[in-house]
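Colleague: I have a new model on my screen. Can you walk me through it?

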Amino acid sequence: MSQAHLNPSLPQALSRLDQLTNWERKPRGEMRVGLEPMLDLMQRLGNPHRSFRAIHVAGTKGKGSVSALLEAGLLRAGWRVGRYASPHVDRVNERVSILGQEVEDDVLASAIMQVLDGYESAKQAATAGEDATWFDVITAAAFVAFRDAGLDWVVVEVGLGGRLDSTNVVFGEVAIVTNIGLEHTEILGSTREAIAREKVGILKPGAMLATTLAVDDAAGKVLQQRADELGCPVLRTDLPEDATIAETNISLVGLVFDHLGRQGESMQTASEKGQPVGAWLLEPAVIDKARLPGRMERFELALPPTLRGGRQSLPVIMDGAHVPFNIEAVLRDITRSSNISGDCIAVVALASDKDAPDFLNVLSRYAAHTVFTEASGSGRAHAATELEALAISMGMACEAEPNPQKALHHAVAKAEEVGGWILVTGSLYLVGALRGTVQGRVG
């Protein structure tokens, strides 16, 4: 075995991994879904997914923020905690968090290589693991890294759907379904009820289900029926209709912590040992620690002297919202905020499997001007000119600029002209493409 294989670099490991099918970057309609390849890999790796306790998080939106809050709270309680998330914004390491930090390059590289060796042996033996995808392997690598780190708890965020997602080999003691909207309909189904059936597929006998969906909601009814079939209790948030995204997420995670406390889970920190965990863990420092890139993330973009119309910087908010009900919630929360004023200038990219008409219908009620662009990361983008034509037909003031950097420059000039602020939205790939520029980083 070569020295490079004994001590692989992350670029080497990712180069080898990138030879596998990556459905995050391909049309979803022909996607292979099933757990057999993942289960085969797990067995070949010594079942690392059974080495930790898990909380499993599904839902159309909010999975990432809810997972980050769970991680921060469990860390505050003194547990050794990991979190698995997708997609990443800047670096693949963002997907695997160990003890509150992105996984180290060498740890991730070693784990990926171990899994790819298992994949190669599955190919030789012609077993199910030979059909493993990029996402199967990165998920398996995360579980290997979590096992090797000796973690107590891991918060596992579903990649897509639930029932047939690569992550669904874990047993989540708590299964969370944050909400249900129409997304990935070509795979998950064309109604909220059908999508709910896929997402509640993460619920297993002996687990607790937590959700924001009321029992009289069409999708909430499906969740309740499945929980009843499996004999699983259900926790539900009880919030006013106009609760913010942050309030909703905190309430849901608080329910889970209170449940764990009732189940006998207690603090592991020396000064609080034995005290039951609960929603009280969600103190301001914990909430602050749980902030994620590209989720209601605010920056002040320094303006060049030629554009300074009396102000030094321009507010920029980045949020990867890409479904209508979520962009509605994001814009509602922002416009309620006392520290944002003036016209919204939006920079938008949407993947081709997203509901562009309904997304733009919501955006049209808030944005004074929109610059449509393309996020190259997914390989499944709506053309900027196509979005522009649709928006013009809806009476929106807009323009198309396929290059994200140029699109941002156009938006900055427009926002400065009207004294407004910028929203970058529609795609986490777009956020990733522009975040460094907005932060003042090169590249």
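What follows is a short exchange on this predicted model.

Colleague: How many helices and strands are there in the protein?

Modeller: Take the predicted model as a whole. The protein has 443 residues. Its secondary structure comes to 16 helices and 14 strands.

Colleague: What share of the residues in the protein is buried?

Modeller: Start with the surface. The protein exposes about 18,000 Å², and carbon and sulfur atoms supply 50% of that area. Buried means under 20% relative accessible area. Of the 443 residues, the buried share is 55%.

Colleague: Among contacts between residues at least 6 apart in sequence, what share joins residues at least 24 apart?

Modeller: Contact here means heavy atoms within 4.5 Å. Of the contacts between residues at least 6 apart, those that join residues at least 24 apart make up 75%.

Colleague: How many disulfides does the structure hold?

Modeller: A disulfide needs two cysteine sulfur atoms within 2.5 Å. For Cys 344, the nearest cysteine sulfur is that of Cys 398, 14 Å away. For Cys 398, the nearest is that of Cys 344, also at 14 Å. The number of disulfides is zero.

Colleague: Are Cys 344 and Cys 398 buried or exposed?

Modeller: The limit for buried is under 20% relative accessible area. Cys 344 has 4% relative accessibility, so Cys 344 counts as buried. Cys 398 has 15%, so Cys 398 also counts as buried.

Colleague: Is the ring pair of Phe 52 and Phe 146 stacked or edge-to-face?

Modeller: The search of the whole structure finds five aromatic pairs. In this one, the ring centres are 5.9 Å apart and the planes are at 90 degrees. Planes over 60 degrees apart count as edge-to-face. The pair is therefore edge-to-face.

Colleague: How many residues apart in sequence are the parts that Phe 52 and Phe 146 tie together?

Modeller: Phe 52 lies in the loop between helix H3 (36–44) and strand E1 (53–58). Phe 146 sits in helix H6, residues 134–148. Both are buried, Phe 52 with a relative accessible area of 9% and Phe 146 at 0%. The parts are 94 residues apart.

Colleague: Which residues do ring pairs link into a cluster?

Modeller: Phe 52 and Phe 146 have their ring centres 5.9 Å apart. Both belong to a cluster linked by ring pairs. The members are Phe 52, Tyr 84, Phe 135, Phe 143 and Phe 146.

Colleague: Which residue has its backbone nitrogen 2.7 Å from a polar atom of the Thr 60 side chain?

Modeller: Thr 60 is in the loop between E1 and helix H4 (63–76). At 3% relative accessibility, Thr 60 counts as buried. The backbone nitrogen at 2.7 Å belongs to Gly 181.

Colleague: Is the peptide bond from Ser 86 to Pro 87 cis or trans?

Modeller: Pro 87 is in the loop between strand E2 (81–84) and strand E3 (96–98). Omega for the bond from Ser 86 to Pro 87 is near -10 degrees. The bond is cis.

Colleague: Is Leu 99 buried or partly exposed?

Modeller: Leu 99 is in the loop between E3 and strand E4 (101–102). Its phi is near 55 degrees, a positive value in a residue other than glycine. Relative accessibility is 35%, so Leu 99 is partly exposed.

Colleague: And Ala 126: buried or exposed?

Modeller: Ala 126 lies in the loop between helix H5 (105–125) and H6. It has a positive phi of about 55 degrees, although it is not a glycine. With a relative accessible area of 54%, Ala 126 is exposed.

Colleague: What separates the C-alpha atoms of Ser 266 and Pro 276?

Modeller: Ser 266 lies in the loop between helix H10 (245–262) and helix H11 (284–289). Ser 266 counts as buried, at 18% relative accessibility. Its contacts beyond four places in sequence include Trp 79 and Pro 276. Ser 266 and Pro 276 are ten residues apart along the chain, and their C-alpha separation is 4.1 Å.

Key: Residues numbered from 1 in each chain as written. Predicted model: local features only at pLDDT ≥ 70, side-chain atom pairs only at ≥ 80, totals over all residues. Heavy atoms only, no water. Buried < 20%, exposed > 50% of the residue type's maximum accessible area, 1.4 Å probe, protein only. Phe/Tyr/Trp six-rings, centres within 6.5 Å; stacked < 30°, edge-to-face > 60°. Helix = DSSP H or I, 4+ residues; strand = E, 2+ residues; numbered from the N terminus. Polar contact = N/O pair within 3.5 Å; in protein donor to acceptor, adjacent residues only side chain to side chain. Rg over C-alpha atoms; globule rule 2.2 N^0.38 Å. Areas by Shrake-Rupley, 256 points an atom, 1.4 Å probe, with all protein chains shown as cover.
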